[in-house]
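Q: Could you go through this model with me, one feature at a time? I'd like to begin with pockets and then move on to side-chain pairs.

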Amino acid sequence: DPIIFNHGAPLDSEKDAVTNYMDQYVALAQALLVSKAIIVVVVEGEVRGGGMIFPAMADISIATPKSSFGLPEIHRGMVPAVVSHALKDRLGSATTRRLALTGEPFSADKALQ
């Protein structure tokens, strides 16, 4: 079994649980945005969907060779709305669009490029 760092929202949960999660998720993204602290994220395992907010908004992201990343929302008919803004700043518009539209996972080595 792969190690899971963060897979984002619990989409298989009840609607109220997802809504509560999204409210907390947006609040966390806003807190990271205005934080004066240096944010360091160490990733070991899978990061998918909304979980990508952590490495995307960090000042320093460190990923082990076991790490992988991806935006699988497209496969569920969704758009990775909140995390896309942070990823665009980190990876650029073209790369963020490609990842969001294909849903393809990528390795830590690919992320380094």
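Q: How much space lies in the largest pocket?
A: The model is a predicted one, and in it the largest pocket holds about 510 Å³ of space.

Q: And which residues are closest to its centre?
A: The pocket is lined by 24 residues, and those closest to its centre are Leu-91, Phe-106, Ala-108, Ala-111 and Leu-112.

Q: Which element gives the most to that lining?
A: That is helix 5, with 5 residues, and the helix itself covers 108-112. Helix 2 (53-57), strand 4 (60-63), helix 3 and helix 4 are also among the elements that each supply at least two lining residues.

Q: How do the lining residues divide into nonpolar, polar and charged?
A: The lining of the largest pocket comprises 15 nonpolar, 4 polar and 5 charged residues.

Q: OK, changing topic: how many aromatic pairs does a search of the whole structure find?
A: The search finds 1 aromatic pair. It is formed by Phe-69 and Phe-106, whose ring centres are 5.6 Å apart and whose planes lie at 25 degrees, so the pair counts as stacked, given that the angle is under 30 degrees.

Q: Are Phe-69 and Phe-106 buried or exposed?
A: Phe-69 is buried, and Phe-106 is buried as well.

Q: Now helix 3, which of its residues are buried?
A: In helix 3, which runs over residues 81-91, the buried residues are Val-83, Ser-84, Ala-86 and Leu-87. Just after this helix comes Gly-92, which takes a positive phi of about 95 degrees.

Q: What does Thr-96 touch, leaving out residues up to four places away in sequence?
A: Thr-96, which sits in helix 4 (residues 93-102), touches Ser-84, Leu-87, Lys-88 and Leu-91. Its relative accessible area is 6%, which is under 20%, so Thr-96 counts as buried.

Q: Last topic, how many salt bridges does the count come to?
A: The count comes to 1 salt bridge, in which the side chains of Glu-104 and Arg-98 meet at 2.7 Å, taken from N to O.

Q: And how accessible are Glu-104 and Arg-98?
A: Glu-104 has a relative accessibility of 31% and counts as partly exposed, while Arg-98, at 34%, counts as partly exposed too.

Terms used
Residues are numbered from 1 along each chain as its sequence is written. This is a predicted model: local features need pLDDT of at least 70, side-chain atom pairs count only at pLDDT 80 or more; totals for chains, interfaces and linings use all residues. Side-chain values use heavy atoms; hydrogens and water are left out. Rings of Phe, Tyr and Trp (its six-membered ring) pair if their centres lie within 6.5 Å; planes under 30 degrees apart count as stacked, over 60 as edge-to-face and the rest as tilted. Buried means under 20% relative accessible area, exposed over 50%, partly exposed in between (1.4 Å probe, protein chains only). Helices (H or I, at least four residues) and strands (E, at least two) are DSSP runs, numbered from the N terminus. Contact means heavy atoms within 4.5 Å. A salt bridge is a side-chain nitrogen of Lys or Arg within 4 Å of a carboxyl oxygen of Asp or Glu. On a 1 Å grid over the protein atoms alone, a cavity is a set of points where a 1.4 Å probe fits but cannot get out, and a pocket is an open set with protein on both sides within 12 Å along at least five of seven lines; lining residues have an atom within 4 Å of a point. Grid points are joined across faces, edges and corners, and a volume is the space filled by probe spheres set on the points. Ala, Val, Leu, Ile, Met, Phe, Trp, Tyr, Cys and Pro count as nonpolar, Asp, Glu, Lys and Arg as charged, and the others, Gly among them, as polar.
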